[in-house]
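This briefing sets out the fold, the cores and the contact surfaces of the structure shown below. The points are grouped by topic.

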Amino acid sequence: MKRFGLLAATAILALAAYSGAAEAQSCPIKIGGLTPLSAPGAVGAGEGMRAAMLIAEKDINAAGGILGCDLKVIIADTEGLPEKASAMMEKLITQDGVVAVGGAYHSSVGVASKDVANNRKIPVVFAETWNDTITGDKQKFIFRIAPLSSWASSTLWQAALLVPNIKKVAILTENTDYGIPAAQETSKGLASGGVEAVTFSVDIGTQDYAGIVERMKAEKPDYIIVLATGEAGYNFAQQAADAGMGPQDIPFQAGQVALESKAYWENVPDGNFAFVQRIGTPANLWSEKALALNEAYKAVTNRGVIESYSMEAYDSIAILAQAINEAGTTDGDAIVAALEGISHEGTLGRIYFPYGTKKDPSVDGKGDEWWHQWPDVALTMIQYQEEGQSSVDAPIVWPDAYKTGEPIYVNQ
Amino acid sequence: MEFPHIFWGVFGWMIFWAVTGSIATRYFYLRRDLDTSNAPFVGAMLGASTGPIGLVPLCLNTPELTTRLMVMPALASVGVLMIAFGFADPENFCVANGSFVASQIVNGLIIGIIYGFMALGLTLIFSILGVVSFAHGEFYMIGGMITYFLTKVWLPGINPILAISLACLAAFAIGAAFERMFLTPMYEGKVDRPVEYGILVTFGLAFTIQYFVQATAGANPLKASRYFDFPRIRLPSSADPWLIKTSRGNMELFETISISNPRFTAAVMCIIVFGALMFFLHRTWTGKALRAVSQDREAAAIAGINPDRMNMLAFALGGMIAALAGAMLVQAFSWLPQVGAIPAMRSFVILVLGGLGSIPGAFVGGVIVGLFEAAGTGCLPDPQKAASYIPAYGMIILTLTLLLRPTGLFGRRFATGAHGKF
């Protein structure tokens with residue numbers, strides 16, 4: 001009887017293990033892709049990220065897929081809203097059965113959805129969410145390839161401090177988990193250089209900036225920094241230009257959305273001489289992989305050039321695919337172990353995560369936010385110096401390591 | 001704010017007397033069996049502006065509550081608040097910088113006129129059909145989209161006026177077709193809950209239009225080029241143009257007030273069309289028929305007016321007005337399939353503020369919201385909060401209106417959706 005019980009238990013365990021393995025490797029293997037596809041999210045950016053993630057799916061499947069299966073990227077619309085992001089993460093995991101999640105544009109989306117993924121042991125590689133706390137909570141299943149907000153902000157204020165005779169900076173920020181900390185870090189950095197900062201925060205859906213522009217004008221700033229995502233960046237830049245406060249009037253750093261040069265020139269025809277922060281390796285140093293992605297992306301989206309956030313979205317899917325292949329399973333713990341030891345040749349450069357369960361950031365004197373954080377994101381500042389110029393052709397004016405041209409400071 | 005205790009002290013005093021005045025006035029008017037519909041508003045405003053000095057005679061004499069008695073204390077309350085603010089924050093741009101104040105007022109007026117115009121369409125639909133169209137923002141969006149595609153993609157070089165007219169015609173046709181196909185069951189007794197049906201079906205239209213445009217036009221922000229350039233004007237002289245100076249895209253008045261070309265042309269167009277609409281409603285047979293239906297459907301039908309036809313005309317006209325606002329603003333704002341959401345929300349606020357179904361109320365309500373937003377953005381001491389609260393300013397006015405004058409500025413006491421004052 002005892003022997004029969006043992007045999008029965010062994011059979012049940014074997015069946016469970018078999019069914020678990022079969023479930024883990026059921027084809028196709030699904031990875032979630034978070035992206036904003038409806039207002040008030042940055043819909044244009046979201047569509048670009050979706051296109052890039054679907055190109056990643058196609059490329060990975062063309063190269064043999066994952067664990068012998070096809071990859072299927074399940075796109076989920078976050079609308080740029082935290083509550084929608086949590087719901088979408090829950091849906092991806094519980095209804096769609098994804099084994100990992102990539103993408104995401106807004107920091108608030110990352111902040112809200114990371115706990116859901118971590119609690120359900122689903123690895124996430126966030127593509128374009130900057131808020132420090134996303135990795136700062138040191139959650140096992142959360143990784144990021146976008147720069148930290150504090151780090152990205154430092155490039156903003158360091159570049160600003162190079163503007164001749166600068167005394168006062170006006171910052172327009174969105175009141176989100178990305179905008180508020182980024183504005184605070186930037187203001188702090190400017191203060192360290194003896195420069196005063198005045199911050200104006202707005203809702204992400206704001207269209208009319210006339211009153212804000214007038215108030216900003218009354219502050220008499222020497223430089224303007226825009227930390228607003230989506231079309232808000234375009235609306236503000238052109239309305240500021242209409243009021244004599246645009247990129248042709250005073251040194252002006254436009255929002256990152258200005259990297260989509262075709263849309264930028266259509267929406268901000270008076271936007272020449274704007275500075276724009278760019279994430280990732282400069283175009284003149286792009287690898288074959290990045291160049292191929294750019295061509296595929298342009299063909300799919302009809303855009304002038306691929307934006308940094310779309311490259312990040314592509315890499316977030318590709319790195320997860322590699323991690324699953326290396327792990328040999330879709331088990332969350334195994335994927336995390338693979339991600340912690342990964343070396344992925346992405347479109348943004350070689351991606352790896354030096355800090356995690358094996359090595360705490362504090363060992364190297366770094367803060368918690370460096371947990372599962374890719375440390376080599378290239379941050380540069382370009383400047384449009386000709387009307388209609390592509391962001392790829394625009395010279396890099398900062399930092400010196402990547403510099404391809406001198407900045408032009410208008411109104412000096 | 002340098003002396004916050006001054007401002008908050010005065011504000012607290014005003015709130016106290018406003019609440020007291022609102023309750024006391026209603027009580028005294030009720031006791032004498034007088035009309036109390038405007039008593040809380042007048043009591044609150046008189047209490048806020050004068051305290052017991054004005055309130056006591058009002059309660060004792062209970063005079064007839066005329067328009068003057070409503071407007072004057074309201075303006076005085078605003079004045080008292082402004083004076084307190086001036087003493088509390090003397091360094092504020094709204095106190096110390098005259099040209100800034102002038103610019104903000106002009107900005108508020110311009111955007112308020114556009115808001116008001118947008119709300120007109122919603123008002124027209126509500127007064128005739130008795131439903132709030134939740135697709136109003138989408139008509140605004142398609143007006144801009146069609147104008148953009150006409151002027152920049154399909155027929156580059158087309159006269160902008162013609163493009164705008166075609167966009168308006170398209171919106172009119174969509175509105176008319178939708179009303180015939182989906183709204184007729186409302187007044188033919190085919191649905192149990194016509195008002196709820198109207199809301200749901202216009203919601204459906206909103207989603208259909210929005211996602212259809214997103215699928216066909218994409219989600220990248222679009223923007224039309226400026227329709228007209230300002231002529232070069234330098235007055236009183238080229239050497240010293242202190243009165244007015246124009247460039248192609250901008251106009252400067254008194255060397256202080258700067259108005260961008262797209263906003264200016266949009267506001268002027270809105271005023272012209274508002275005038276034309278008022279002429280249509282008051283001087284033409286069809287306009288009078290519309291007004292008649294808004295006042296009493298049955299009586300209008302007895303007089304030979306076909307109310308069903310007026311329903312179609314009102315819905316189509318309302319959509320066309322929103323489309324015209326969109327067509328004028330696509331040269332000012334970046335345009336997306338979702339661009340109508342915020343203006344539609346504002347229109348709902350203005351609809352209630354102006355008085356459900358009142359066309360002059362919608363226009364005045366729009367201007368008030370525009371000015372209030374400009375004041376909030378410009379004067380709130382913390383710039384970080386000033387701009388963040390833009391969506392809240394309209395809601396503050398709405399809340400105050402609902403508290404003190406639930407019928408809105410120009411609404412009638414017993415107005416319902418289908419019977420508001422025209």
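Helices (H or I, at least four residues) and strands (E, at least two) are DSSP runs, numbered from the N terminus. On that basis, chain B contains 17 helices and 4 strands. This is a predicted model, in which local features need pLDDT of at least 70 and side-chain atom pairs count only at pLDDT 80 or more, while totals for chains, interfaces and linings use all residues. Residues are numbered from 1 along each chain as its sequence is written, and chains are lettered from A and ligands numbered from 1 in the order in which they are written.

**Overall form of chain B**

- The C-alpha trace of chain B spans about 65 × 65 × 35 Å along its principal axes.
- A residue is buried if 20 or more other C-beta atoms lie within 10 Å of its own, exposed if 12 or fewer, and partly exposed in between, with C-beta atoms placed from the backbone; 49% of the 422 residues of chain B count as buried.
- Two residues are in contact if their C-beta atoms, placed from the backbone, lie within 7 Å. Of the contacts in chain B with a separation of 6 or more, 73% involve residues 24 or more positions apart.

**Domains of chain B**

- Domain bounds come from an automatic or database domain assignment, which gives domain 1 (4–90) and domain 2 (98–230 + 250–419) in chain B.
- The C-alpha centres of these two domains of chain B are 33 Å apart.
- In chain B, 8 residues of domain 1 are in contact with 5 residues of domain 2. Helix H2 (residues 39–50) of chain B supplies the largest share of the domain 1 side, 3 residues.

**Nonpolar cores**

- A nonpolar core is a set of buried Ala, Val, Leu, Ile, Met, Phe, Trp, Tyr and Cys residues joined through C-beta atoms within 7 Å.
- The largest core has 236 residues, and B:Ile114, B:Ala323 and B:Ala325 have the most contacts inside it.
- Another core, of 16 residues, lies apart from it and includes B:Ala39, B:Ala44, B:Leu55 and B:Cys59.
- Beyond its neighbours within four places in sequence, B:Ala323 is in contact with residues including B:Phe139, B:Tyr140, B:Ala167 and B:Cys168.

- Helix H9 (residues 231–242) of chain A reaches 17 Å from its first C-alpha to its last, close to the 16 Å expected at 1.5 Å a residue; the expected span is 1.5 Å times one less than the number of residues.
- H9(A) is largely enclosed by the rest of the structure, because 12 of its 12 residues are buried.
- A:Gly244, which follows H9(A), has a positive phi, near 80°.
- A:Ile351 belongs to strand E12 (residues 350–351) of chain A and is buried, with 25 other C-beta atoms within 10 Å.
- Leaving aside neighbours within four places in sequence, the contacts of A:Ile351 include A:Ile145, A:Asp315 and A:Trp374.

**Interface between the chains**

- The interface brings 31 residues of chain A into contact with 33 residues of chain B.
- H8(A) gives the most to the chain A side, with 6 residues.
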